[in-house]
Amino acid sequence: MAPKIAIVYYSMYGHIKQLADAEKKGVEEAGGSAKLFQIAETLPDEILGKMYAPPKPTDVEVLTDPATLEEYDAFLFGIPTRYGNFPAQWKTFIDKTGKQWSTGAFWGKYAGLFISTGTQGGGQESTAIAAQSTLAHHGFIYVPLGYKHTFALLSDLSEIRGGSPWGAGTFSGGDGSRQPSSKELELAQIQGRAFYETVSKVSFA
Ligand SMILES: Cc1cc2nc3c(=O)[nH]c(=O)nc-3n(C[C@H](O)[C@H](O)[C@H](O)COP(=O)(O)O)c2cc1C
């Protein structure tokens, strides 16, 4: 059977959401389909207002119960960096996965990562590395982006661009005003396509 893919993300300012949409496009281009989920917000509206966070999309299911993910085979996780690591919203969700951790419900499933930071050097790669611990404890099999389909894009230094062999990425700028560039969106789409091609080599029950 074709792998069931979920793209799970948190996005305060919309950058990761744009990459999530491009990842989905890539999965579909490869002949698959993917369901988008957004991680639940944990901050009160008053604080979100002070942080100039726009309203979240209403057409993307909010993921509250980790058991929802048990029926999926493979995941693309979208992470907007906080100090080179998961934001607390993501961590709150992960910390609800004790049942899946202790029963191995996610063991042997596949996971890729895409990341957004404010700045260059702000933690795209360290966020991916920090996430490895969560993946390892759950037994997720990490699928990197690598260079096979991306060498030209990743080695092109003609303009500022997020993303790395660890996964697609974008820079939001210090004030969030920079939007994902066409090259960053292309990388995310390539990742979705390559991820689907990789996981569909496996047969799923
Ligand atoms: C509390 C906080 C901590 C952050 N830490 C970092 C950081 O360590 N490095 C960095 O480059 N950007 C940092 N940022 C910027 C976010 O990574 C950026 O807002 C995010 O990637 C934008 O993605 P989004 O539009 O999907 O929310 C931080 C933002 C906040 C609010």
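**View 1. The largest nonpolar core of the predicted model.** Ile5, Ile7, Tyr110, Phe114 and Phe195 touch the most other members of this core, which has 27 residues. The model shown here and in the views below is predicted. At least two core residues come from each of β1 (5–9), α1 (15–29), β2 (34–39), β4 (74–80), β5 (110–117), α6 (151–154) and α7 (182–199). The most come from α7, which gives 6 residues. In soluble globular proteins, nonpolar side chains tend to be buried together.

**View 2. Surroundings of isoleucine 5.** Not counting residues up to four places away in sequence, isoleucine 5 touches Val27, Ser33, Ala34, Lys35, Tyr72 and Ala74, and also Phe195, Tyr196 and Val199. Isoleucine 5 is one of the residues that touch the most other members of the largest nonpolar core, and Phe195 is another.

View 3. A separate core holds 26 residues. Among them are Tyr10, Ala53, Ile115 and Phe140.

View 4. The ligand is surrounded by 18 residues, and the closest are Ser11, His15, Thr81, Ser116 and Gly122. Taken alone, the ligand exposes 630 Å², of which the protein buries 81%.

**View 5. Aspartate 73 in its loop.** Aspartate 73 is part of the loop between β3 (61–63) and β4. Its relative accessibility is 15%, so aspartate 73 counts as buried, the cut-off being under 20%. Leaving aside neighbours within four places in sequence, aspartate 73 is in contact with Ala2, Pro3, Lys4, Lys109, Tyr110 and Phe204. Two of these contacts can be described further. A polar atom of the aspartate 73 side chain lies 2.7 Å from the backbone nitrogen of lysine 4. Lysine 109 is 36 residues away from aspartate 73 along the chain, yet their C-alpha atoms are separated by 5.4 Å. Tyr110, also in contact with aspartate 73, is among the residues that touch the most other members of the largest nonpolar core.

View 6. An unreviewed UniProt entry places the feature "domain: Flavodoxin-like" at residues 5–195. In the model, this span is 35% helix and 18% strand.

How values were computed: Residues numbered from 1 in each chain as written. Predicted model: local features only at pLDDT ≥ 70, side-chain atom pairs only at ≥ 80, totals over all residues. Heavy atoms only, no water. UniProt positions renumbered as here; feature names shortened; annotations may be inferred. Helix = DSSP H or I, 4+ residues; strand = E, 2+ residues; numbered from the N terminus. Core = buried A, V, L, I, M, F, W, Y, C linked by side-chain atoms within 4.5 Å. Buried < 20%, exposed > 50% of the residue type's maximum accessible area, 1.4 Å probe, protein only. Contact = heavy atoms within 4.5 Å. Near = heavy atom within 4 Å. Areas by Shrake-Rupley, 256 points an atom, 1.4 Å probe, with all protein chains shown as cover. Polar contact = N/O pair within 3.5 Å; in protein donor to acceptor, adjacent residues only side chain to side chain.
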